[in-house]
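Colleague: I would like to learn how to read the features of a model such as this one. Could we go through them one at a time, with the general idea before the particular case?

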Amino acid sequence: MSDATLPTVSAAMPARSSGRARGESLAVQIVLIAISLAFLLLFLLLPLVTVFVEAGARGWEAYRAAITEPDALAAIRLTLLVAAIAVPFNIVVGIAAAWAIAKFEFTGKNLLISLIDLPFSVSPVISGLVFVLLFGAQGYFGPWLQAHDLKIVFALPGLILATVFVTFPFVARELIPHMQSLGSADEEAALTLGASPWRVFFSVTLPNVKWSLFYGVLLCNARAMGEFGAVAVVSGKIRGVTNTMPLHIEILYNEYMGAAAFAVASLLAGLALVTLVLKTLLEWRYGDVIAASRRH
Amino acid sequence: MTRPVFRRLLRAGLVLGAFSLCFGVVAGARAQTELLNVSYDPTRELYREINAAFIAEWNGKNPDKKIATIRQSHGGSGAQARTVIDGLNADVVTLALAGDIDAVAERSKKLPLDWQKRLPHNSSPYTSTIVFLVRKGNPKAIKDWGDLVKPGVQIITPNPKTSGGARWNYLAAWAYAEKAFDKDEAKIRDYIGKLLANVPVLDTGARGATTTFTQRGIGDVFLSWENEAFLALKEFGADKFDIVVPSLSILAEPPVALVDANVDAKKTREQAQAYLEFLYTPKAQAIIARNFYRPRNPEAADSKDIANFPKVELVTIDDVFGGWKKAQPTHFSDGGTFDQLYKPAR
């Protein structure tokens, strides 16, 4: 679900710059629009509606019971907690990486760009397994961690690590092209006017890229809350302790509690929808500002 | 005009973040005695009931050593053993077969190799067997193991590499073939190969395979734990499926064990030991029968529950395969008979 919002961001730009159709016949236009609409209805809207219909199938009381049950509450708390730590971390590191890549020339820059994309190209299961191999009891650091009574995998730190790993590219990838297109003229001007580097960052760079940053954060957050594969591997699936919302949904479904599973799923889908609405709202309200800051 | 908006958003985000952080920290702060039972797939319903009964009894008798909760983790038996080996902090493991707990003992060294001698009945407080679940009216006329290799029969069974139930399935089929073909190795292999060729998907755990068969509607016959088959009838109604009992099946003994190193580190040995012993008490045995597992002590259970269990000729893994220590490497380790005979459909 979280991935569904990904294409819309990049699609927003060309749509704005190319503007009108280039003289294709009306028939072509209609066919194209019909195809994409049908596709969206069938593959995006229909499943989404199903989630909410199934969630409400057994009535409001059952829905309320499903999401206020202690294990469900624990899963919701854990998901929010993991996102609340992973997302800010990725904002800071993402900005730093984007800044380094966009504003400086150094050897190994291309390697760094490829590395940022690594989490996208690696299957999430592998991202999870890597941490088990590193920090598991039989892993490289396992014995040392055990001797010091530190737990990483099958506990909160493992969940956070896996989530950070999987969601790392979102912020950086949104920022890099934008920062590159901006160049460093504004910053240089500010520096010649005597501003300190920190001041330049907060008063010039950050305001310039804030909308890209915001998009990145929204996507990063959506994925952080929705991640399944990597988290499933490092979780150990202890109910009420290391079970995140996506894992909890699978468990409920497997226990023949379909309505409860869909109730929790509707919450998660709701979070994704809030993200989407927030983004649309911002685009609508500050569309001109966003366009201006993105075009440059 | 855009600046304040951005600031406000940032502030809102920070407040939200801080709020959920506190939420999580508070949730993590309570420290009471908790046990973690790492179990296999189909025991979800069973242990929910057992845990409630045990906590009530223990806390009544030991008000100074109360247990707050017993946490559960479920998955394919082999996969669960793997997570315990990788460091999941289980107080007790209640897995589908002895071979998986052997693996935990050998690789993690957290419990002695002779763990199975520590509790009665090979440390298995309940048994089960493998039956066939078919669609109502048995449209493909599946009566016995021999019918499974007919062309056009789709069989659902999980992956023996990760699922304990699937290993029992595999060995039950092997035991049947051994009897039917009078120990002719070539014919047995041919039979197993044909059977595996009729399997369209291998799920990782028994419960995943159950949902594949019951909810996704794939397959004609589901090789299932007896308890899973009964549970499917209970959940989806007896008008959807039939249980077919083959001429011969295997006595499945899902064992339980204390993970010594973990309980000593967590100082929960006393509670965890009592928990496992509780499984053998009449109260627990009745719960076990009610959840469609065969109790060791049938007198303790409701006779109506006992009447559910069909009579079937059961062979044991010790008699036919020389125990898990032999069966595991021969059939399921890398390069074992399963690897030789299973060719995924293209």
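Modeller: Let us begin with burial: a residue is buried if 20 or more other C-beta atoms lie within 10 Å of its own, exposed if 12 or fewer, and partly exposed in between, the C-beta atoms being placed from the backbone. This is a predicted model, in which local features need pLDDT of at least 70 and side-chain atom pairs count only at pLDDT 80 or more, while totals for chains, interfaces and linings use all residues. Residues are numbered from 1 along each chain as its sequence is written, and chains are lettered from A and ligands numbered from 1 in the order in which they are written.

Colleague: Is B:Ser123 buried or exposed?

Modeller: B:Ser123 counts as buried because it has 21 C-beta neighbours inside 10 Å. Its phi is positive, about 60°, although B:Ser123 is not a glycine. As for elements, helices (H or I, at least four residues) and strands (E, at least two) are DSSP runs numbered from the N terminus, and B:Ser123 lies in the loop between H4 and E4 of chain B.

Colleague: Where is B:Lys183 found, and why does it count as exposed?

Modeller: B:Lys183 is found in the loop of chain B between helix H5 (164-180) and helix H6 (185-197), and it counts as exposed because 10 other C-beta atoms lie within 10 Å. B:Lys183, which is not a glycine, also has a positive phi, of about 65°.

Colleague: How should I read burial along a helix, and which residues of helix H11 of chain B are buried?

Modeller: The general idea is that an α-helix has 3.6 residues a turn, so residues three or four places apart point the same way. In H11 of chain B (residues 282-290), the buried residues are B:Ala284, B:Gln285, B:Ile287, B:Ile288 and B:Ala289. Their cover includes helix H2 (44-61), strand E4 (126-127), helix H10 (269-278), strand E11 (294-295) and helix H12 (303-307) of chain B. After H11(B) comes B:Phe292, with a positive phi near 75°.

Colleague: How is chain B divided into domains?

Modeller: Domain bounds come from an automatic or database domain assignment, and here they give domain 1 (31-126 + 253-307) and domain 2 (130-250 + 316-341) of chain B. Taken over C-alpha atoms, the centres of these two domains of chain B are 26 Å apart. With contact defined as C-beta atoms, placed from the backbone, lying within 7 Å, 19 residues of domain 1 of chain B are in contact with 21 residues of domain 2 of chain B. On the domain 1 side that touches domain 2, helix H3 (77-85) and helix H4 (98-108) of chain B each supply at least two residues, and H4(B) gives the most, with four residues.

Colleague: Which residues of chain A does UniProt list for "domain: ABC transmembrane type-1"?

Modeller: UniProt positions are given in the numbering used here, with shortened feature names, and annotations may be inferred rather than shown by experiment. The unreviewed UniProt entry lists residues 76-279 of chain A for that domain, and over this range the chain is 80% helix and 0% strand, with the end C-alpha atoms 23 Å apart. The "transmembrane region" ranges listed in the unreviewed entry for chain A include 122-141 and 213-235. Over residues 122-141 chain A is 60% helix, with its end C-alpha atoms 23 Å apart, whereas over residues 213-235 it is 91% helix, with end C-alpha atoms 30 Å apart.

Key:
Contact = placed C-beta atoms within 7 Å.
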